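Let's take a walk through a protein together, one step at a time.

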Amino acid sequence: MFDTELVDEILSQILTAAHRIERRSRDIFEPDDFLISDAGIDKLDAICMMLIAIGESLKNLDKVTDGKFLVRFPEVDWKGAKGMRDIISHHYFDLNAEVVFSICKDRIPGLIETTMKMKKSF
C-alpha cells in the first residue's frame, strides 16, 4: 500500500490550487478577458502557477502510489493535467489563453469533484 497521510496531503494541495483557480477565474467570461488588461494578465499568470502546482502534485502522487491511485479515477485526464504543467513551465510565452480559459471553465470543476471523491476513498 502507500502512505495515506501523504496522499491525503497531496490531494489537499490539489484542492487548494483548484479552488484558487476557480476563484481567480470567476470574473473571466471569455479568453480575451485574460488579455485586455494588466489585471487579466496577472490573473492568467496566477492561474498558470496553480496549474503548474496541480501538475507537479499529480506527478508526486503518481510517485508515492507507484502509479496505482490515479488510474482508479479515469474521469479526469490525468496525463493531460500533468502535461499542462510541462507546457506552461517550458513554453509559457506560447501559452494560449483559450486553452487556459477552457481548463478553468470545463476541467477544474470536475477535478475538484473527483479530488474530493479521492479523499473520501480512504
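Which residues does alanine 17 touch, not counting residues up to four places away in sequence? Keep that question in mind while we get our bearings. What you see is a predicted model. The protein chain contains 4 helices and 0 strands, and reading along the sequence gives the pattern α-α-α-α.

Now back to alanine 17, which sits in helix α1. Its partners are Met50 and Ile54, once residues up to four places away in sequence are set aside. Find Met50 in the picture: the C-alpha atoms of alanine 17 and methionine 50 are separated by 5.2 Å, although the two are 33 residues apart along the chain. Alanine 17 has a relative accessible area of 4%; because buried means under 20%, alanine 17 counts as buried.

Stay in helix α1, which runs over residues 4-24, and look for isoleucine 14. Isoleucine 14 is buried too, with a relative accessible area of 2%. Beyond its neighbours within four places in sequence, isoleucine 14 is in contact with Ile54, Ser57, Leu58, Leu111 and Thr115. Take leucine 58 from that list: 44 residues separate it from isoleucine 14 in sequence, yet their C-alpha atoms are 8.0 Å apart in space.

Another name on the list deserves a visit. Serine 57 has its place in helix α2 and is buried, with a relative accessible area of 8%. Leaving out residues up to four places away in sequence, serine 57 touches Ile10, Gln13 and Ile14. There is a handy rule to recall here. An α-helix has 3.6 residues a turn, so residues three or four places apart point the same way.

Let's move on to the aromatic rings. How many aromatic pairs does a search of the whole structure find? There are 2. Together with Phe73, Phe2 and Phe69 form one aromatic cluster.

The loop between α2 and α3 also holds aspartate 66. Is aspartate 66 buried or exposed? With a relative accessible area of 63%, aspartate 66 is exposed. Aspartate 66 also has a positive phi of about 50°, although it is not a glycine.

Follow the chain onward into α3. This helix has 13 residues and reaches 19 Å from its first C-alpha to its last, close to the 18 Å expected at 1.5 Å a residue. The buried residues of α3 are Trp78, Lys82, Met84, Arg85 and Ile88. They cover an arc of only 145° around the axis, which puts them on the same side of α3. What do they pack against? The buried residues of α3 pack against α2 and α4 (97-120). On the face turned away from the buried side, α3 carries the exposed residues Lys79 and His90.

Our last stop is threonine 114, in helix α4. Threonine 114 is buried, with a relative accessible area of 5%. Apart from its neighbours within four places in sequence, threonine 114 is in contact with Phe73, Glu75, Val76 and Trp78. You have met two of these already: Phe73 is part of the aromatic cluster, and Trp78 is among the buried residues of α3.

Finally, step back and take in the whole chain. Among contacts with a separation of 6 or more, 78% join residues 24 or more positions apart. Buried residues make up 39% of the 122 residues. The C-alpha atoms fill a box of roughly 50 × 25 × 20 Å, taken along the principal axes. A compact globule with 122 residues would have a radius of gyration near 14 Å, and the 15 Å of the protein chain agrees with this.

Notes. Residues are numbered from 1 along each chain as its sequence is written. This is a predicted model: local features need pLDDT of at least 70, side-chain atom pairs count only at pLDDT 80 or more; totals for chains, interfaces and linings use all residues. Side-chain values use heavy atoms; hydrogens and water are left out. Helices (H or I, at least four residues) and strands (E, at least two) are DSSP runs, numbered from the N terminus. Buried means under 20% relative accessible area, exposed over 50%, partly exposed in between (1.4 Å probe, protein chains only). Contact means heavy atoms within 4.5 Å. Rings of Phe, Tyr and Trp (its six-membered ring) pair if their centres lie within 6.5 Å; planes under 30 degrees apart count as stacked, over 60 as edge-to-face and the rest as tilted. The expected span of a helix is 1.5 Å times one less than its number of residues. The arc is that of the directions from the helix axis to the C-beta atoms. The radius of gyration is taken over C-alpha atoms; the globule rule is 2.2 Å times the number of residues to the power 0.38.
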